[in-house]
Amino acid sequence: MPLATSLAIFQSCNITGVPKSTRCAILRDMAKVRKAERRPPLNKTHKLKHQDWAKKYLKTDFSKVLWTDEMRVSLDGPDGWARGWIGKGQRAPVRLRRQQGGGGVLVWAGIIKDELVGPFRVEDGVKLNSQSYCHFLEDTFFKQWYRKKSVSFKKNMIFMQDNAPSHASKYSTAWLARKGIKEEKLMTWPPCSPDLNPTENLWSIIKCEIYKEGKQYTSLNSVWEAVVAAARNVDGEQIKTLTESMDGRLLSVLAKKGGYIGR
């Protein structure tokens, strides 16, 4: 009975009248509380596209790939609440209660080999469509990082982005092509595949840091400053571990015939 309550488990065994504290104490010796895993829905077509993608890039030098992604950070954390152990006699800390989590900040970053690109903040109130996405990349990625790279680096770099409408549109694709990022330099991306992007793991590292001990923030600037500070603490070895995981991810996709590989 995965994800069943302690009451339901005991009732299935025809055991009644046991206090919740006792039920939980007994169950801790043989089980633990877990959340259900969240996975994108994959149909047969998705799985085949994952396999085709894995076969296409199996021999790729992933140290040349720039993996990019966006994430939104809110004032109150990913789910707006926090829990954890506290000592006996201690009171649980008070958390601010706000509607809609108080808003959030959209952040873009990339990783390549052992280097972090960004993070860069999307201007508050801007909805990323094709035009605003390209304008954002011009002002941040291209002007602040890419233009400083050597000609040989630019020649060999492969740019990865997911299939968000603002990324995959004809407008954005044509705009990137004018920047020299086209054909084999622009990685194709299979549908429903966040598990294949190592930048997702970078976000997990950053979120664990900025929201540790149930921390909340009082302004969008303060949560952005926390993201920047956490990103600075991510060292090159951590990033290299993420980017070097790609060979294993591709092999896992092929072994599972295109199925979701998890993290």
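Leaving aside its neighbours within four places in sequence, which residues is Met71 in contact with? The model is a predicted one. In it, Met71 has contacts with Val105, Leu106, Val107, Trp203, Ile206, Lys207 and Val227, once neighbours within four places in sequence are set aside. Met71 is part of strand β1. Its relative accessible area is 5%, and because buried means under 20%, Met71 counts as buried.

**The chain as a whole**

The protein chain has 11 helices and 4 strands. Of its 263 residues, 39% count as buried. The accessible surface of the chain comes to about 16300 Å², and 52% of this belongs to carbon and sulfur atoms. Among contacts between residues at least 6 apart in sequence, 79% join residues at least 24 apart.

**The nonpolar cores**

In soluble globular proteins, nonpolar side chains tend to be buried together. The largest nonpolar core of this chain has 37 residues. Trp53, Trp67, Val73, Met187, Ile206 and Ile210 are the residues with the most contacts inside this core. At least two core residues come from each of α3, β1, β2 (104-112), β4 (158-160), α8, α9 (220-232), α10 (236-243) and α11. Helix α9 gives the most, with 7 residues.

Ile206 touches Met71, Val227, Ala230 and Ala231, not counting residues up to four places away in sequence. A second, separate core has 22 residues, among them Leu106, Trp108, Leu128 and Cys134.

Which residues of α9 are buried? They are Ser222, Val223, Trp224, Ala226, Val227, Val228, Ala230 and Ala231. The cover over these buried residues includes β1, β2, β3 (115-121) and α8. The 13 residues of α9 should span 18 Å at 1.5 Å a residue, and the end C-alpha atoms are 19 Å apart, which agrees.

Helix α3 has 14 residues. From its first C-alpha to its last it reaches 20 Å, close to the 20 Å expected at 1.5 Å a residue. The buried residues of α3 are His46, His50, Gln51, Trp53, Ala54 and Tyr57. Seen down the helix axis, the buried residues of α3 fall within an arc of 160°, so they line one face of the helix. The exposed residues Lys44 and Lys55 are on the face of α3 turned away from the buried side. Part of what covers the buried residues of α3 is α11 (246-255).

**Thr199**

Thr199 is in helix α8, which covers residues 199-210. Is Thr199 buried or exposed? Its relative accessible area is 0%, so Thr199 is buried. A polar atom of the Thr199 side chain lies 3.2 Å from the backbone oxygen of Trp67. Not counting residues up to four places away in sequence, Thr199 touches Trp67, Thr68, Asp69, Ala109 and Ile111.

**Two loop residues**

Asp61 sits in the loop between α3 (44-57) and β1 (65-74). With 40% relative accessibility, Asp61 counts as partly exposed. The side chain of Asp61 makes a polar contact of 2.6 Å with the side chain of Ser63. Another polar contact, of 2.9 Å, joins the side chains of Asp61 and Lys64.

Ala164 is in the loop between β4 and α6 (165-168). At 24% relative accessibility, Ala164 also counts as partly exposed.

**Pairs separated along the chain**

| Pair | Separation along the chain | C-alpha separation |
|---|---|---|
| Asp61 and Asp247 | 186 residues | 9.3 Å |
| Met71 and Thr199 | 128 residues | 9.8 Å |
| Ala164 and Asp69 | 95 residues | 10.0 Å |

Methods
Residues numbered from 1 in each chain as written. Predicted model: local features only at pLDDT ≥ 70, side-chain atom pairs only at ≥ 80, totals over all residues. Heavy atoms only, no water. Buried < 20%, exposed > 50% of the residue type's maximum accessible area, 1.4 Å probe, protein only. Polar contact = N/O pair within 3.5 Å; in protein donor to acceptor, adjacent residues only side chain to side chain. Contact = heavy atoms within 4.5 Å. Expected span 1.5 Å × (residues − 1). Arc of directions from axis to C-beta. Core = buried A, V, L, I, M, F, W, Y, C linked by side-chain atoms within 4.5 Å. Areas by Shrake-Rupley, 256 points an atom, 1.4 Å probe, with all protein chains shown as cover.
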